[in-house]
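Student: I have a structure open and want to go through it by question and answer. Where do we begin?

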Amino acid sequence: MKGSFNLNTLLRDNIKKLVPYSSARSEFKGEASVLLDANENAFGSPYRENYHRYPDPLQHQVKAKLTKIKGVPAENIFLGNGSDEAIDLLFRAFCTPGKDNVILVPPTYGMYEVSANINDVAFKKVNLTVDYQLDLDAIAAAIDAHTKMIFICSPNNPTGNSLNRQDIETVLVNFDGLVIVDEAYINYSKQPSFTKDLAEFPNLVVLQTLSKAWGLAALRLGMAFASTSIIEVFNKIKPPYNINQATQDIVLEALDNVEQVNTWIKAIVEERESLSQRLQALEQVEHITPSDANFILVKLEEPKALYNFLVSHGIIVRDRSKVELCEGCLRLTIGTAEENAAVLAAVYTFYGVELN
Ligand SMILES: *Cc1c(COP(=O)(O)O)cnc(C)c1O
């Protein structure tokens with residue numbers, strides 16, 4: 001599996017040859033007072049002063065702020081309409097349908113498979129081990145000449161645990177394709193982010209999002225961190241104005257609230273530990289996977305009946321009990337103290353246990 005990493009040989013031919021759409025605003029750079037190049041409504045916007053103009057296609061202001069928070073230079077950042085856009089663009093840039101394939105390591109985030117299917121790209125599944133770690137030998141055996149990407153989620157959804165850093169590095173070093181490390185839940189983990197290692201691994205793409213710890217799921221802002229050449233590929237094929245002005249404005253304001261976000265992270269981690277302990281005390285709870293995320297995967301008796309019981313009490317959790325390697329498990333997002341108390345009380349009632 002080891003040759004050497006070459007981005008150009010990974011790219012699809014049509015993308016290599018692509019002449020990207022050149023928007024009015026990206027052709028002209030500088031100060032101007034009369035903008036008659038983009039067929040906008042020069043009279044104004046019915047909403048906000050600047051909303052009759054197309055937004056900055058490369059989101060310079062948002063990236064400058066993210067650089068301060070994440071310590072990653074702006075030229076190593078791509079912003080997408082959710083991480084899901086970055087995932088889709090990766091398939092479109094690097095995988096020729098009917099020819100290339102990717103490796104997925106389930107149980108993991110469902111969007112990689114859906115995105116592969118939408119793009120008609122084959123995938124090979126290499127299950128995690130029973131303790132939810134990478135099966136390095138099986139991954140090595142699954143890689144072939146047409147394998148372009150491996151998707152690794154850490155902390156992993158739906159299991160909640162972090163994957164061993166050493167194992168991820170082994171894949172990065174030994175695989176010539178792209179390794180996508182999805183860190184949607186990194187804020188809840190003590191593990192260092194792989195964004196610190198971009199210089200060391202030219203084939204690394206790190207995904208993060210504002211949808212989870214940042215509390216901005218409705219805005220749809222995902223981040224991809226990678227080498228400048230990979231970021232250039234994203235920028236070449238993305239829809240020109242993929243991040244709208246409203247999102248850019250709100251994100252700029254929201255990013256000033258790092259302290260608030262950190263307070264929430266601490267509170268959620270504390271809630272996670274206390275909910276886990278109380279659930280663990282029940283004899284009907286067989287196992288809780290140690291979590292580095294804002295959810296826990298709980299193996300317990302009668303998962304489906306409990307799920308339905310919770311639904312009937314207006315509490316919705318994620319039923320993963322039929323997912324391979326998650327048999328018998330429900331995934332519970334950590335809520336507020338009140339919400340966690342409510343779910344706990346309902347679980348006690350279901351099993352006929354006295355709440356003490
Ligand atoms: C929730 C989640 C995301 C977030 O996707 P967005 O499109 O940014 O909302 C990405 N990856 C994983 C593993 C997730 O669980």
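**Ligand and domain interface**

Tutor: In this predicted model, a ligand oxygen lies 3.3 Å from a polar backbone atom of aspartate 84.

Student: Which N or O atom of threonine 209 is 2.7 Å from a ligand oxygen, backbone or side chain?

Tutor: Polar contacts are counted within 3.5 Å. An oxygen of the ligand sits 2.7 Å from an N or O atom of threonine 209. Serine 211 also has an N or O atom in its side chain 2.7 Å from a ligand oxygen. For threonine 209, the atom belongs to the side chain.

Student: How much of the ligand's exposed area does the protein bury?

Tutor: Alone, the ligand exposes 390 Å². Around it are 13 residues, with Asp182, Tyr185, Thr209, Lys212 and Arg220 the closest. By class, they are four nonpolar, five polar and four charged. The protein buries 94% of the ligand's area.

Student: What area do domain 1 and domain 2 bury between them?

Tutor: Domain 1 spans 7-28 + 55-256, and domain 2 spans 259-350. The contact takes 22 residues from domain 1 and 20 residues from domain 2. Carbon and sulfur atoms carry 62% of the buried area. The total is about 1700 Å².

Student: Which three residues supply 38% of the area that domain 1 buries against domain 2?

Tutor: The side of domain 1 touching domain 2 has eleven nonpolar, eleven polar and no charged residues. No other three residues of domain 1 supply more of its buried area. They are Tyr132, Pro158 and Tyr188.

Student: How many salt bridges are counted between domain 1 and domain 2?

Tutor: The domain 1 side of the contact has no charged residues. A salt bridge needs Lys or Arg paired with Asp or Glu. Five residue pairs are in polar contact across the interface. The salt bridge count is zero.

Conventions: Residues numbered from 1 in each chain as written. Predicted model: local features only at pLDDT ≥ 70, side-chain atom pairs only at ≥ 80, totals over all residues. Heavy atoms only, no water. Domains from an automatic or database assignment. Contact = heavy atoms within 4.5 Å. Buried area = accessible area lost by both parts, 1.4 Å probe. Salt bridge = Lys/Arg side-chain N within 4 Å of Asp/Glu carboxyl O. Polar contact = N/O pair within 3.5 Å; in protein donor to acceptor, adjacent residues only side chain to side chain. Nonpolar A, V, L, I, M, F, W, Y, C, P; charged D, E, K, R; others polar. Near = heavy atom within 4 Å. Areas by Shrake-Rupley, 256 points an atom, 1.4 Å probe, with all protein chains shown as cover.
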